[in-house]
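Please keep the sequence and the model in view while reading.

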Amino acid sequence: MIQNTKCECGHQNRVGTVLCEACGKPLYDSDQSTEPLEMRYDGVARRSQKSNPNFIDRIWNFFSSVKVAVYLIIITLVGAMFGTIFEQESNFVYFDPSTFYKQKYGTIGDIYYKLGLSHTYESWWFVTLLVMIGASLVICSLDRVLPLYKALSRQKIRKHRQFLIRQRVVYEGPVENLTGDWISSAVTSLKKKGYRVKHDEDALLAEKQRFSRWGPYIIHIGLIIFLLAILFRGLPGLNVDKHYWFPEGEITKIPDSNLYLKNEGFTVEYYPEEELPEKFRESGRVVPKLFETKAVLYQCTADCDDPSKDPLLEEVKRHDIRVNDPLNYNGFKVYQFDFDLTPKLRSVTPSLVRADTGESYGKFKLSMTNSEETYQVGPYTLELSNKYMDFDLNEEGKPVSKSNDPNAPAFLFVIKGPDLPEAGVQYIYFPKQIDKERFQQDAINERLGGLDSGLALDVLGMEDVDFIASSSYLNIRVDRAMPFVWIGLGIVMLGLVLGFYWHHRRIWLRLDGQTLILGAHTAKNWFGLRREVARFLQDMGVDVDEKHLENRGNQV
Amino acid sequence: MGKARRPVQIVILLFIIVLGGYAIGSTVFGDHEGRPTQGSTSPDFKLLGMDGSVHSLKEYRGKSVVINFWATWCTYCVSEMPALQAQWEKWRDQDVVILGINTGEDRLTVDRFVKQVGVDFPILLDSENEAVQKYGIVPMPTTFFVNKKGNIVSIHEGELDLTMLDEQIEKLIEP
């Protein structure tokens with residue numbers, strides 16, 4: 001069926017038009033009605049309103065519906081609530097979700113995990129809902145803003161009588177002393193009130209603050225930027241949230257970056273007992289007062305990608321990292337997360353001594369990692385033939401290392417020098433006193449023949465021992481999407497302000513002989529508009545009580 | 001309204017499908033830990049070899065690669081070394097490379113171990129745990145079987161014996 005959408009003024013309207021695009025005459029209501037008109041989108045058809053939609057139109061129409069948008073938002077809100085029942089997986093650094101939820105919450109927890117609700121906000125359906133809301137935002141806005149823009153920029157001055165008397169603020173009555181310049185003095189009066197006025201001989205259109213009509217669409221643009229930012233946070237490099245250990249005194253590479261971080265010292269301070277509440281004191285709890293990592297961030301400037309060379313580093317930032325006070329280098333943030341106060345041996349500086357007399361030939365520095373292969377001490381040469389970081393003997397009685405941590409380091413040397421056999425003598429050295437006794441260094445050396453030389457390695461004082469006192473566990477975070485989130489929200493705020501503090505006001509007026517017909521429209525603050533119209537009429541010599549301007553339709 | 005309406009509509013819908021599809025796809029298929037799985041491409045790495053030169057996985061494209069993560073202190077890694085060596089000798093002529101990636105030990109330790117056990121396939125030093133993190137290694141040994149195209153055909157966690165290794169390599173070189 002082809003609808004007749006031609007108005008009596010001769011304008012051909014599009015399907016779905018409610019008020020004639022030209023003269024504003026209501027196209028569907030009976031001529032007798034005086035009820036206030038529905039002025040949404042100025043009565044123009046939305047883009048999607050078509051007489052016979054095809055497949056693409058149907059998709060478009062689905063997303064262009066505000067009703068659908070509201071349902072989508074409600075479903076998303078309900079979905080988001082599921083994610084708040086139990087803690088989400090993303091809260092944890094190390095844990096096994098497949099057992100955690102069952103252990104902590106029982107069967108319900110297990111069901112929760114198996115339904116995938118333990119990562120609600122990263123689930124396909126939640127992201128799909130967000131994408132659908134995004135689509136709805138874009139399509140709803142386009143579907144309305146373009147026709148509205150056209151309607152508002154092509155407004156006709158002279159409107160149909162019915163359009164005027166069916167506004168909510170209406171005046172219809174005779175005008176005395178109607179002279180030729182009545183319209184032009186009306187223009188002056190309205191201009192004084194801040195209106196922009198267009199007029200012809202006997203009709204007038206005054207409007208102000210039209211820009212506030214764009215408020216909702218600006219909000220939508222902001223929301224779209226916001227949504228895009230959170231949906232594409234996952235793009236490589238935009239978001240990093242990792243945790244790494246940084247041993248004190250070491251420069252450690254931060255993986256997947258060209259940055260290195262040196263932990264120059266970690267301190268933890270605990271609350272003294274008298275500062276703690278009684279409950280804590282009774283239970284013997286210790287509460288840290290301060291954790292601090294003195295951190296230096298370096299950037300690699302050369303030889304970064306070549307593992308055969310040492311990278312060239314340049315200091316870029318220095319900061320004492322405390323809880324909630326991260327190091328921030330252009331959005332690359334390092335937060336304090338945890339610490340480990342177990343000391344680890346970094347290096348020892350033993351002396352080569354004659355076992356019987358205690359005569360020393362000198363010292364050499366022996367580091368646990370990347371140890372040198374040979375050491376020259378006095379007249380003697382020490383060749384490191386093997387080393388074990390965590391010494392133990394396996395079932396076959398062979399020396400092995402249990403781990404790569406220097407828990408029980410042992411160094412096997414071949415000592416060469418004066419009065420020693422040409423092939424040298426083997427000598428095993430345990431830097432830690434406890435290991436010396438546990439593994440019986442002397443007994444091993446006796447078997448190796450190391451004792452025959454009469455030489456021994458020994459640390460003479462604590463100054464010859466270097467420990468990594470602690471390790472700091474730091475959280476590396478990069479969130480490059482955040483600025484876009486803020487920009488999006490800023491635009492939303494701008495849109496809200498536009499809509500809240502300014503309202504589009506319009507006054508139409510026409511003279512039919514001696515009769516003045518006036519209609520006025522706004523979206524908010526009708527009282528203000530009514531008062532403004534009443535004052536205007538007063539200026540023009542029409543005395544009317546502002547309450548009488550209100551049109552309540554047929555019920556009065 | 002203008003004639004441009006339909007194309008504009010299609011372009012906007014396409015945009016939504018592409019962007020939305022990407023967003024949904026990356027949450028569904030995006031591996032959160034970044035751990036390569038069976039069938040995925042093997043992440044590249046650049047490590048210093050015991051021969052003193054830098055090796056990357058890329059240079060072995062076109063060959064079947066067995067990547068073995070090991071350490072001298074890991075008992076099972078040590079006991080599977082002879083099997084790896086035997087298979088290296090057996091298959092090296094058929095474009096099969098065995099790469100032993102040592103996880104975080106220093107040169108001296110690795111050097112002494114390699115000499116003691118007598119392995120001569122390429123051994124690389126992962127001193128910064130770069131490859132360990134890229135491959136998400138948890139238990140050791142872990143072995144990745146990578147085909148000529150660079151795709152991971154299978155992953156084995158734990159000790160490998162001679163026959164298992166043989167079967168896996170045979171599968172790997174199948175065209």
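Buried residues make up 30% of the 175 residues in chain B. A residue counts as buried if 20 or more other C-beta atoms, placed from the backbone, lie within 10 Å of its own. The model is predicted: local features need pLDDT of at least 70 and side-chain atom pairs count only at pLDDT 80 or more, while totals for chains, interfaces and linings use all residues. Residues are numbered from 1 along each chain as its sequence is written, and chains are lettered from A and ligands numbered from 1 in the order in which they are written.

**Chain B as a whole**

Chain B has a radius of gyration of 21 Å, whereas a compact globule of 175 residues would have one near 16 Å. The radius is taken over C-alpha atoms, and the globule rule is 2.2 Å times the number of residues to the power 0.38. Along the principal axes, the C-alpha atoms of chain B fill a box of roughly 85 × 35 × 30 Å.

Chain B contains 5 helices and 7 strands. These are DSSP runs numbered from the N terminus, with helices (H or I) of at least four residues and strands (E) of at least two. From the N terminus on, the order is α-β-β-β-α-β-α-β-α-β-β-α. Of the contacts in chain B between residues at least 6 apart in sequence, 69% join residues at least 24 apart; a contact requires C-beta atoms, placed from the backbone, within 7 Å.

**Where chain B meets chain A**

In chain B, 31 residues are in contact with 33 residues of chain A. Helix 1 of chain B gives the largest share of this side, 11 residues. The elements of chain B that give two or more residues are tabulated here.

| Element of chain B | Residues |
|---|---|
| Strand 1 | 46-49 |
| Helix 3 | 107-117 |
| Helix 4 | 130-134 |
| Helix 1 | 5-29 |

The side of chain B that touches chain A divides into 14 nonpolar, 11 polar and 6 charged residues. Here Ala, Val, Leu, Ile, Met, Phe, Trp, Tyr, Cys and Pro count as nonpolar, Asp, Glu, Lys and Arg as charged, and the others, Gly among them, as polar.

The axes of helix 1 (residues 55-64) of chain A and helix 1 of chain B come within 11 Å and cross at roughly 60 degrees. Axes are lines fitted to C-alpha atoms over the stretch in contact, and angles run from 0 to 180 degrees between N-to-C directions. I56(A), I59(A) and W60(A) meet Q9(B), I10(B) and L13(B) in this contact.

Notes: A residue is buried if 20 or more other C-beta atoms lie within 10 Å of its own, exposed if 12 or fewer, and partly exposed in between; C-beta atoms are placed from the backbone. Two residues are in contact if their C-beta atoms, placed from the backbone, lie within 7 Å.
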